[in-house]
Amino acid sequence: LGPLGWFRHPGLSGDDAADASGNYGTLDLVRALTWTRDHVAGFGGDPDRVVVFGESAGATNIASLLVSPYAANLFHGAILQSGSTSSVSAAQATNYTDDATPGDAFSASEMLLKVIRRSRDDCDRACARTVADAMSVADQGELLRGVSTLGLFELYSDGMDLLGPSSPAVIRDGAVLPSAPFIDQLGAAGKFNAVPTIVGTNRDEPKIFMAFNPDAVKRFAGLPLWPHDERMYDLHGEYGALAWRIRGADDIARRLLSANVPVWAYRWDWDEEGNFGFVDLSQLLGAAHGLEIPFVFGHFDLGPQTPLLFNDDNAEGRLALSARMMAYWAAFARDLDPGTGADGAGPRWAAWNPDGGHSYVRLDTGANGIAMADDETD
């Protein structure tokens with residue numbers, strides 16, 4: 001959602017702390033969960049067995065629900081796939097960059113200045129700041145509300161990347177979300193919604209981004225061909241993925257376990273894309289960020305790009321791994337424990353317990369592709 005979900009400016013605030021928070025996307029999640037609690041029984045669901053899960057920014061949203069008092073008792077299990085506990089302070093999301101407590105370069109106040117400058121060709125940032133300071137907060141809000149959806153995203157045109165606009169998101173406003181970093185809220189000393197949780201990452205997380213980086217990969221017509229330096233490419237992928245695992249899985253698992261919250265962890269290792277002509281996709285992408293999502297849903301149609309990743313050569317192992325992952329995810333939704341899967345046919349996925357030799361389950365193909373492993377990151 002980007003700025004449509006998280007945008008904190010006093011001119012857009014209502015009369016209560018929730019409306020002033022800027023965490024509109026988070027509040028949407030809370031509203032959806034409230035509706036589910038109140039109505040899911042009418043569809044055959046159990047309002048006392050609601051599990052939320054998400055990937056990447058979606059997993060960060062799940063982390064936000066874990067620490068939001070507004071989400072208390074609205075869900076009973078959580079799955080964070082390749083996520084983090086990242087967030088921004090209220091000042092970062094709101095203030096000008098030259099305030100005493102500086103805001104982010106793409107804060108709501110900086111975007112207000114861009115709106116002003118867009119309507120005045122000869123107005124630089126200093127000019128726009130003078131105009132903004134002469135306006136009432138209500139007038140600033142009216143000006144922002146007059147921006148179209150397309151116009152809003154155009155404000156971030158110089159901050160776009162593969163993940164969209166660089167807008168501050170998931171805001172520690174002190175009401176909807178705590179003012180302290182989320183990771184500090186988890187654990188015995190924190191205050192959070194303690195529910196059984198699954199956390200996990202992919203073995204080659206950053207390679208999806210590295211493959212489109214011209215500094216790392218030789219390209220033709222915008223398409224990646226091969227790494228400039230294979231060894232350095234793989235090292236950057238390995239250490240980047242380890243860092244992701246620390247913040248997206250191990251640190252969270254440690255905190256939850258310290259509060260006696262059941263937690264399970266995984267690492268997804270599938271890398272059987274194979275070759276596409278002379279391009280080795282198994283090296284360029286491997287078990288990259290986001291590629292586990294089709295396996296969780298059992299839906300491998302990605303449009304024209306599908307044959308590049310999912311083909312007859314990798315179908316047998318791929319479909320078997322997908323079936324096992326769906327069984328684990330479904331068992332967790334049903335029992336709040338992935339166990340041996342909803343069908344009872346898989347290896348037991350043991351709870352996270354590094355001292356007992358059970359850090360995570362490795363999810364891969366082959367006879368030993370699904371097995372417990374213990375190489376916890378420090």
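Q: Is N260 buried or exposed?
A: This is a predicted model, in which local features need pLDDT of at least 70, side-chain atom pairs count only at pLDDT 80 or more, and totals for chains, interfaces and linings use all residues. Residues are numbered from 1 along each chain as its sequence is written, and side-chain values use heavy atoms, with hydrogens and water left out. Buried means under 20% relative accessible area, exposed over 50%, and partly exposed in between (1.4 Å probe, protein chains only). With a relative accessible area of 70%, N260 is therefore exposed.

Q: In which loop does N260 lie?
A: This residue is worth a look, as phi of N260 is near 60°, a positive value in a residue other than glycine. Helices (H or I, at least four residues) and strands (E, at least two) are DSSP runs, numbered from the N terminus. N260 lies in the loop between helix 11 and strand 10.

Q: What is the relative accessibility of N73?
A: N73 is another residue other than glycine with a positive phi, near 65°. Its place is the loop between helix 3 and strand 2. N73 counts as exposed because its relative accessibility is 68%.

Q: How many of the 11 residues of helix 3 are buried?
A: Helix 3 spans residues 57-67 and is mostly covered. Its buried residues include A59, I62, L65 and V67.

Q: Which elements do the buried residues of helix 3 pack against?
A: Contact here means heavy atoms within 4.5 Å. By that criterion, the partners of these buried residues are helix 2 (24-39), strand 1 (51-55), strand 2 (77-81), helix 9 (182-185) and strand 7 (197-202).

Q: Which residues touch the most other members of the largest nonpolar core?
A: A nonpolar core is a set of buried Ala, Val, Leu, Ile, Met, Phe, Trp, Tyr and Cys residues joined through side-chain atoms within 4.5 Å. The largest one has 39 residues. Those touching the most other members are L65, F75, A78, L80, L186 and V199.

Q: Which element gives the most to this core?
A: At least two core residues each come from helix 2, helix 3, strand 2, helix 9, helix 11 and strand 10. The top contributor, with 6 residues, is helix 3.

Q: In which sense do strand 1 and strand 2 pair?
A: Strands pair if DSSP finds at least two bridges between them. Strand 1 and strand 2 are joined over 5 bridges, and E55 stands opposite Q81 in strand 2. Their pairing is parallel.

Q: What handedness has the β-α-β unit of strand 1, helix 3 and strand 2?
A: A crossover is right-handed if, with the strands pointing away from the viewer, the path from the first strand over the helix to the second runs clockwise. The unit made by strand 1, helix 3 and strand 2 is right-handed.

Q: What order do the strands of the open sheet have?
A: The sheet has 6 strands with mixed pairing. Their order is 1-2-7-10-13-14.

Q: What angle does the direction of helix 11 make with that of strand 7?
A: Axes are lines fitted to C-alpha atoms, for helices over the stretch in contact, and angles run from 0 to 180 degrees between N-to-C directions. Neighbouring strands of the sheet are turned by 20° against each other on average, direction ignored. Helix 11 (residues 230-258) packs on the sheet, touching strand 2, strand 7, strand 10 and strand 13, and its direction makes with that of strand 7 an angle of about 165°.

Q: With which side chain does the side chain of Q283 make a polar contact?
A: Q283 sits in helix 12 (residues 281-284) and counts as buried because its relative accessibility is 14%. A polar contact is a pair of N or O atoms within 3.5 Å; within protein, one must be able to donate a hydrogen and the other to accept it, and residues adjacent in sequence count only if both atoms are side-chain atoms. At 3.4 Å, the partner of the Q283 side chain is that of D234.
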